[in-house]
Amino acid sequence: MKSRSETMASIKNTTFDVCVIGGGATGAGCALDAELRGLRTVLLDAADFVSATSSASTKLVHGGVRYLQQSVAECDFGQYRVVRRALRERKLMLANAPFLARPLELLVPCFSRRDAYYFRAGLKLYDWISGQGMLSPSRFLSVRESTVRLPMLNTAGLVGTVAYTDGQFDDARYGIALLKTFAENGGTALNYARVAGFAKTKDGKLSKAHVEDQLSQQCFTVRAKTFVNATGPFADGVRKLADPGIHPRLRLSKGIHILLPLEAAFRLDAMLIPKTDDGRVIFAIPWQGRLLVGTTDDEATLDDELAVKQEEVEYLLRHLNRYWKRPFSIDQVVSGMAGLRPLVSPGDARNIKKLIRDHEVEVNQDSGLISVLGGKWTTYRAMAEDAVNVVQQCLKIAVSPCKTQHFQLTGAEGYGPTFWHTLVPKFHTSPDTAQHLSEKFGTHAVEVLELTRVDKQLATPIVAGAPGIHAEIVYSIRYEMAASIEDVLARRIGLQWFSWNSAIAAAPLVGSYLAREHGWSAEQTQQAVRDYTFKLQRTMCLAGLKPKHALAG
Ligand SMILES: Cc1cc2nc3c(=O)[nH]c(=O)nc-3n(C[C@H](O)[C@H](O)[C@H](O)COP(=O)(O)OP(=O)(O)OC[C@H]3O[C@@H](n4cnc5c(N)ncnc54)[C@H](O)[C@@H]3O)c2cc1C
């Protein structure tokens, strides 16, 4: 990706065909699709790329067994359509970035014969709807087979498990890979650039976005022929900027996840808890060396503080522990994340848990703003395809074929499951580091490791005994537009999800590399470290945990 100053310069001198507002899954997907169809495209995000909902998901590439269950129970064809479309997209999403996404088998525990028949039939239907996109057929596992796969599963009354396969991915890195692919193909992407208003032509159509640079506090304008609002839960706000008279379309639902030590759980298998007290499902999934547990589903607004709360942690632990031989306690939680689902409301007062995870592309007839509302990560590509078709119609040009179906993301070229083996002798690196880097950066792991040839210090582990190395920090600052400590530790290298305490410990190191690369003063660096540490410590306190170090600030 270009540097911030190069990006700013190219923005100032261009009238774009499309300005995409929002750099989450939806915006990144729209920007890549538009650029590949030959439209001059710019993408702006108010904060860091992928910093909102798109890095707080359950990390499943799925149709959603819960939504299938709802569609059957309530004869809801809309839900069924969403599940079917997502299942078609699942295979494409896995194939286009195999270093970031892979199949994952999940086990559904059954405690009665009736449950076993019910889940076997339901998951066979899930297989059938997948059609050509099926990853692996579902099957029944005996109690013995189930406990080999899930040694910690509570076996009292267990009659077996039904195993089915969905996809799993690294959501934050997938978003970054989409944006890097967009930039490599000629697109312009800028983070920390908040759209604060619009200018219009005489006939009321949007012609410019007024943008506030959140880092320099300067304002600038972006000229474009069309504007795509891909701001997820914030979409009603941008719709209002373009047309103050509009009615809100979104309802928001908060969902949290917690991460627990994997050693204390089980080895490689994932579990779906099929029934919670409030009629939901909960996943317990091995992810990046941790057990990811979630999620919740509670109506929320943008005014509510978006944090993992102690009562939500207790809710997840309570349900997980019913299935576990050795219960987890709150002090074993190592990190967590909270996000807001942007759900399109049909206007009535339906229960938020039952709102369809479908998307809609809306064109405001007065201003011309194109808003992409709702959807899910798994359908980001299909949503983008629909949105860019509308962009071309608004530009009054022929709708050209979408190219993203089989377009591999940068880092996927030449990648295979044994790619990391080649890095070990070439860079004299450990197998763990080679594997870790190739699963984050794909074949760009070579460029990360090249940095260690120039500066040997960059081969040092970030956390003693863990596979991440200093070179990742430098690479993400130089080539992936990371501008803050959190950008590096959360979205780029993921240490913040692995452990809040380790992230706090690594903050001064990341601060020192940011200072070196961006020319920060010593005072600025210390302040950035203090702010980050305080933010994480507060997050831990809200989740009911005691930070390891004394509270900063
Ligand atoms: C708890 C939870 C679990 C989920 N699990 C899954 C799952 O397992 N699988 C799945 O397929 N889906 C899942 N989803 C759904 C999926 O994560 C979301 O549908 C998707 O990430 C939404 O992406 P988005 O780009 O629309 O929104 P976001 O990721 O929220 O991005 C919107 C972006 O717009 C930017 N923005 C806002 N205002 C402005 C402005 N004025 N100017 C410029 N930029 C602006 C924000 O900074 C933000 O980066 C889950 C969602 C939640 C909440």
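Biologist: Which residue just after H10 takes a positive phi?

Modeller: Keep in mind that we're looking at a predicted model. Step just past the end of H10 and check the backbone angle there: phi is positive, at about 60 degrees. The residue is Lys396.

Biologist: How far apart are the end C-alpha atoms of helix H10?

Modeller: H10 covers residues 380-394, so that's 15 residues. At 1.5 Å a residue, the helix should span 21 Å. The model agrees with that, as the end C-alpha atoms are separated by 21 Å.

Biologist: Which residues of H10 are buried?

Modeller: Buried means under 20% relative accessible area. Going along H10, the residues that pass are Tyr380, Arg381, Ala382, Met383, Ala384, Ala387, Val388, Val390, Val391 and Gln392.

Biologist: Is Thr226 buried or exposed?

Modeller: First find Thr226, which sits in strand E10. Its relative accessibility is 5%, and the cut-off for buried is under 20%. So Thr226 counts as buried.

Biologist: Which residues come nearest to the ligand?

Modeller: There are 38 residues around the ligand. Helix H2 (25-36) and strands E8 (193-200), E11 (250-261) and E16 (335-344) each supply at least two residues of that shell. The ones that come nearest are Thr26, Asp45, Ser54, Leu60 and Thr378.

Biologist: How many residues of the shell around the ligand are charged?

Modeller: Sort the shell by residue type. You get 16 nonpolar and 17 polar residues. The charged ones number five.

Biologist: What share of the ligand's exposed area does the protein bury?

Modeller: Let's begin with the polar atoms. Asp45 has a polar side-chain atom 2.6 Å from a ligand oxygen, and an N or O atom in the side chain of Thr378 is also 2.6 Å from an oxygen atom of the ligand. Leu60 uses its backbone instead, with an N or O atom 2.7 Å from a ligand nitrogen. Taken alone the ligand exposes 1000 Å², and the share buried by the protein is 95%.

Biologist: Which residues does Arg194 touch?

Modeller: Arg194 is in strand E8, and with a relative accessible area of 35% it is partly exposed. Its C-alpha is 9.5 Å from that of Ala209, a residue 15 places away in sequence. Not counting residues up to four places away in sequence, Arg194 touches Asp45, Ala46, His210, Val211, Glu212 and Gln214.

Biologist: Where is Tyr192, the residue with phi near 50 degrees?

Modeller: That phi is a positive value in a residue other than glycine. Tyr192 also counts as buried, because its relative accessibility is 13%. Its place is in the loop between strand E7 (188-190) and E8.

Biologist: Is Gln217 buried or exposed?

Modeller: Gln217 isn't a glycine, yet its phi is positive, at about 65 degrees. You'll find Gln217 in the loop between strand E9 (206-213) and strand E10 (219-229). Its relative accessibility is 61%, and exposed means over 50%. So Gln217 counts as exposed.

Biologist: Which residues does the cis peptide bond with omega of about 20 degrees join?

Modeller: Look at the loop between strand E14 (290-294) and strand E15 (298-300), where Thr295 lies. The cis bond involves Thr295 and one partner.

Biologist: What is the relative accessible area of Arg173?

Modeller: Arg173 is part of helix H7 (residues 171-184). Beyond neighbours within four places in sequence, its contacts are Leu100, Lys180, Lys440, Phe441, Glu480, Arg491 and Arg492. Arg173 is buried, and its relative accessible area is 3%.

Biologist: What distance separates the C-alpha atoms of Lys456 and Trp287?

Modeller: Lys456 is in the loop between helix H13 (445-454) and helix H14 (470-479), and at 66% relative accessibility it counts as exposed. Trp287 is 169 residues away from Lys456 along the chain. From C-alpha to C-alpha, the separation is 30 Å.

Notes:
Residues numbered from 1 in each chain as written. Predicted model: local features only at pLDDT ≥ 70, side-chain atom pairs only at ≥ 80, totals over all residues. Heavy atoms only, no water. Helix = DSSP H or I, 4+ residues; strand = E, 2+ residues; numbered from the N terminus. Expected span 1.5 Å × (residues − 1). Buried < 20%, exposed > 50% of the residue type's maximum accessible area, 1.4 Å probe, protein only. Contact = heavy atoms within 4.5 Å. Near = heavy atom within 4 Å. Polar contact = N/O pair within 3.5 Å; in protein donor to acceptor, adjacent residues only side chain to side chain. Areas by Shrake-Rupley, 256 points an atom, 1.4 Å probe, with all protein chains shown as cover. Nonpolar A, V, L, I, M, F, W, Y, C, P; charged D, E, K, R; others polar.
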